[in-house]
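Dear colleague,

Please find below the structure that I am handing over to you, with my notes after it.

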Amino acid sequence: MELFLHQVIAGLATGAIYACMALAIVMIYQAIDTLNFAQGEMAMFSTFIAWQLMQWGLPYWGAFVVTLAISFAAGVAIERLAFHPLRDAPVLTHLVIFIALFAILNSAAGFIWDFTIKPFPTPFGTQPLLGSGLISAHDAGMIAISLVILSLLYVFFRYTRIGLCMRAAASNPVSARLVGIRVGWMVALGWGMAASLGAVAGMLIAPVVFLEPNMMLSILLYGFAGAVLGGLSSPGGAVLGGFTVGVIENLAGTFIPYVGRELKLPIALALIVAVLTIRPRGLFGSRLVTRV
Amino acid sequence: MKENVTPTPKLDVATDVLPNAWRRAAIVAALIAALALPFVLKSFAVFQLTMAMIYAMAILGLNLLTGFNGQFSLGHSAFFAVGAYTAAIMIESFGIDYYWTLPAAGLICFAFGFLFGLPALRLEGVYLALATFALGIAMPQILKSTPLEPWTGGVQGIQVTKPDAPFDLPLTSDQWLYYVSLAIGLILAVGAANLVNSRSGRAMIAIRDNPIAARAMGVNISLYKTLTFGLSAFYTGVAGALSAVVVSFVAPDSFTFVLSIGLFVGLVVGGVGSIWGALFGGLFVLFVPNFADQISKGLAGAVYGVILLLLIYVMPSGAAGLIRLIARQVAINRR
């Protein structure tokens with residue numbers, strides 16, 4: 001029982017990261033109808049920027065905030081420069097753009113900061129929280145920060161004018177344009193926010209998986225699994241899906257002998273395929289009706 | 001959700017603009033050049049061209065699925081791997097000749113693709129891309145797993161003996177395999193061109209363009225979609241089996257999702273919905289990463305990405321689309 005509880009809580013901690021990634025994926029999906037396969041590499045690059053800032057002597061939280069700002073600007077810039085000119089191209093072309101972005105970011109990070117594995121500091125410390133032995137301080141911090149940021153986003157989208165504009169631009173671009181919302185810039189804003197969200201996920205998970213250019217690949221996949229599980233049209237569902245995937249991953253790794261440890265990644269993927277087959281819109285997604 | 005994922009391509013490159021005699025002359029010239037190349041080039045270049053043709057076959061398979069039937073796949077490395085391992089296991093464990101392994105690998109992949117096509121029926125667009133991506137990522141791990149190790153050799157992979165040219169032909173093994181690949185590639189390409197222009201091919205294209213209209217016309221959508229998935233896997237599996245023979249080595253890490261993405265990029269760069277564009281795609285998959293590597297060792301991936309972005313800006317409909325455009329322009333100017 002002790003072990004079970006321990007694994008569930010550890011799963012929730014990594015699940016918080018998957019939830020952030022899943023939400024970032026859903027935000028871009030809502031805006032442009034495509035999955036951003038370069039999301040993980042954008043997050044990885046942001047994490048390297050944070051690391052560099054700390055090497056230059058900034059305190060952790062200073063670097064944290066500056067990185068969020070830089071990531072936001074970079075996300076907007078990527079949308080404007082790489083994506084916007086081809087926004088009306090077929091989906092296949094969009095996928096190729098993401099693949100190109102993936103290759104560029106991955107290789108540039110390796111070139112600037114090389115491929116050696118680097119430790120990343122945690123502001124919470126690694127000792128157990130309150131001496132309970134159930135959860136480490138860093139895991140608790142990961143959950144707490146993710147929850148704070150997710151609730152801030154909820155408030156932003158629910159109660160601010162610009163959040164409302166962004167939702168309008170995503171749900172009906174043409175009508176939104178007609179009432180004077182600048183849809184193009186709303187999409188760019190969504191990219192910026194998704195990039196910052198990814199940066200949070202990257203900086204929080206880096207102390208656990210260590211910093212290197214390929215660190216986000218499997219995390220991105222778990223993020224996809226979470227987003228699909230919850231439903232790509234439902235931000236709340238995606239967050240819940242992220243937490244669920246974290247817990248399932250941890251429990252499978254502990255309790256299914258042999259298969260769980262060696263085939264951890266395929267399990268997440270089998271989950272994606274299973275959910276998609278049984279319920280293509282995800283657990284909380286709304287059904288898509290196309291007019292012909 | 002955008003239903004129509006591809007610009008409606010013409011079935012054949014420039015049928016409507018180039019006179020028939022010109023086309024025939026171009027095809028004959030290309031064939032003669034292809035036959036002469038192994039005697040002109042160095043052995044390694046011959047090997048590279050063979051690999052480019054093999055990738056082109058796999059891209060052709062992907063093209064049947066994506067370009068003509070509108071189903072995405074980012075997991076074709078899995079079918080490539082199954083084909084390669086089928087050939088390697090048949091040759092090394094059972095001592096069967098390599099030419100028998102090609103149809104066998106194709107048929108096994110057909111069955112595998114057909115079965116994967118069943119759940120894929122429920123998925124569309126990016127969702128299907130995601131599910132197939134999952135397949136591509138899972139495959140190397142499955143090949144490495146312990147229960148399969150006696151067959152697959154685990155992480156070590158399998159060494160395959162390279163066949164010599166038969167009948168005492170004065171050819172090196174690389175040259176011989178070049179001709180084998182050329183012949184098989186031609187058969188597959190002609191087969192695909194005929195299929196696409198046939199009744200079944202029109203049904204495939206109708207499903208891509210408008211599934212509801214296709215169903216109203218009496219096309220069995222589920223059957224055609226799963227069969228196309230199987231056929232696509234067949235093509236890719238044959239390519240995989242050939243690659244096992246040509247490279248004379250298979251290992252799980254040669255078939256990661258990077259290969260899937262390479263094939264996908266080759267498809268888009270060569271031209272979605274163009275049979276002959278696949279050849280350009282194959283050349284791109286093989287040579288552009290090498291070229292990027294020569295420009296800058298450290299930044300190879302970035303150079304590759306930038307080349308890719310530029311190509312997509314300059315020719316959104318791929319190389320085949322660009323050639324079609326130029327041919328049309330020439331025809332208009334001559335009038």
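Predicted model: local features only at pLDDT ≥ 70, side-chain atom pairs only at ≥ 80, totals over all residues.

Residues are numbered from 1 along each chain as its sequence is written, and chains are lettered from A and ligands numbered from 1 in the order in which they are written.

In chain A, the axes of helix H3 (residues 60–83) and helix H8 (residues 183–209) come within 7 Å and cross at roughly 140° (axes are lines fitted to C-alpha atoms, for helices over the stretch in contact, and angles run from 0 to 180 degrees between N-to-C directions; helices are DSSP runs of H or I with at least four residues, numbered from the N terminus). Among the residues making this contact are A:Phe64 and A:Phe72 of H3(A) and A:Trp191 and A:Met203 of H8(A), where contact means C-beta atoms, placed from the backbone, within 7 Å.

By class, the residues of the contact of H3(A) with H8(A) are 16 nonpolar, five polar and two charged (Ala, Val, Leu, Ile, Met, Phe, Trp, Tyr, Cys and Pro count as nonpolar, Asp, Glu, Lys and Arg as charged, and the others, Gly among them, as polar).

In chain B, the buried residues of H8(B) pack against helix H9 (211–216) and helix H10 (221–247), buried meaning that 20 or more other C-beta atoms lie within 10 Å of a residue's own.

Between the chains, the contact takes 38 residues from chain B and 38 residues from chain A. On the side of chain B, H5(B) gives the largest share, eleven residues, and that side has 28 nonpolar, seven polar and three charged residues.

With best wishes

Notes
Helix = DSSP H or I, 4+ residues; strand = E, 2+ residues; numbered from the N terminus. Contact = placed C-beta atoms within 7 Å.
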